[in-house]
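Hello,

Please look through both when you have time.

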Amino acid sequence: HSTSRRQRQMCIRDSMYREQRMQKEIAEKILRFHVIANSDSREDQELKLKVRDAVGLYMKDQMKEVTNRKEAEETANANLKKIEKVAEDVIAKEGRSYTVNAFIGPVDFPVKTYGAYSFPAGTYEAVEVVIGEGAGKNWWCVMYPNMCFQGSMYEVIDEKAETSLQEVLTQEEYDSIIEDSDYKLSLIHI
């Protein structure tokens, strides 16, 4: 009886270790994109999505030739001021005067599902766009490889994004994020 308990504990520990190792390996290969609203008001949440769309459209062109995470970070870093300007232009057009801060840094993410893909919780490098107080709900996706900017459907992953992801991750890493294919389509903004 105690042997089976010990075996279950070892199995759970092995599974947790494997998941942590896999998250770290995946995190080394991808760059996430994170937009945080000023507040949870309906207007600020709508503004967040408009900023997301404008920055996404701008960064889609900037990321065309990127072939690895290092290049993605360098490209994003070189464009941080422009990202802020794009966001500020949207905010001004909407009649608001919030500040915008864009930077790249480590961010703790919960488990996040994009269509059939479920990325493990953990710390990932991310391009962060903080609007105003940054006290509202946020939105995120994977900027590299590009799972954010495939047309206007942010919650649907197309074939090109799947191929890009398969090229960046090992087969084991790729399999680990699609292991649970029972996930229902979830909205990316939380």
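Strand S1 (residues 31-36) pairs with S6 in the antiparallel sense, over six bridges. This is a predicted model. Across that pairing, phenylalanine 33 has cysteine 141 of S6 as its bridge partner, and leucine 31 stands opposite tyrosine 144.

Both strands belong to an open sheet of four strands with mixed pairing, in the order S2-S5-S1-S6. S2 (100-109) and S6 (138-144) are at the edges with a single partner strand each, so one side of each has no neighbour in the sheet. From one strand to the next the twist averages 30 degrees. Helix H3 (residues 69-78) packs on the sheet and touches S1, S2, S5 (122-131) and S6; its direction makes about 35 degrees with that of S1. Although S6 is an edge strand, seven of its seven residues are buried, so the strand is largely enclosed by the rest of the structure.

On the aromatic side, the whole structure holds three aromatic pairs. One of them is phenylalanine 33 with tryptophan 139, edge-to-face at 5.6 Å centre to centre and 80 degrees between the planes. Phenylalanine 33 is in S1 and tryptophan 139 in S6, so the pair ties together parts 106 residues apart in sequence. Phenylalanine 33 is buried at 0% relative accessibility, and tryptophan 139 is buried at 0% as well.

Phenylalanine 109 and tryptophan 140 are also edge-to-face, 5.3 Å between centres and 90 degrees between planes. Phe109, Tyr124 and Trp140 form one aromatic cluster. The charged end of arginine 32 sits over the ring of phenylalanine 109, 4.0 Å from its centre, and over that of tyrosine 124, 4.5 Å from its centre.

Regards

How values were computed:
Residues are numbered from 1 along each chain as its sequence is written. This is a predicted model: local features need pLDDT of at least 70, side-chain atom pairs count only at pLDDT 80 or more; totals for chains, interfaces and linings use all residues. Side-chain values use heavy atoms; hydrogens and water are left out. Two strands pair if DSSP finds at least two bridges between them. Helices (H or I, at least four residues) and strands (E, at least two) are DSSP runs, numbered from the N terminus. Axes are lines fitted to C-alpha atoms, for helices over the stretch in contact, and angles run from 0 to 180 degrees between N-to-C directions. Contact means heavy atoms within 4.5 Å. Buried means under 20% relative accessible area, exposed over 50%, partly exposed in between (1.4 Å probe, protein chains only). Rings of Phe, Tyr and Trp (its six-membered ring) pair if their centres lie within 6.5 Å; planes under 30 degrees apart count as stacked, over 60 as edge-to-face and the rest as tilted. A charge sits over a ring if NZ of Lys or CZ of Arg is within 6 Å of the ring centre and within 35 degrees of the ring normal.
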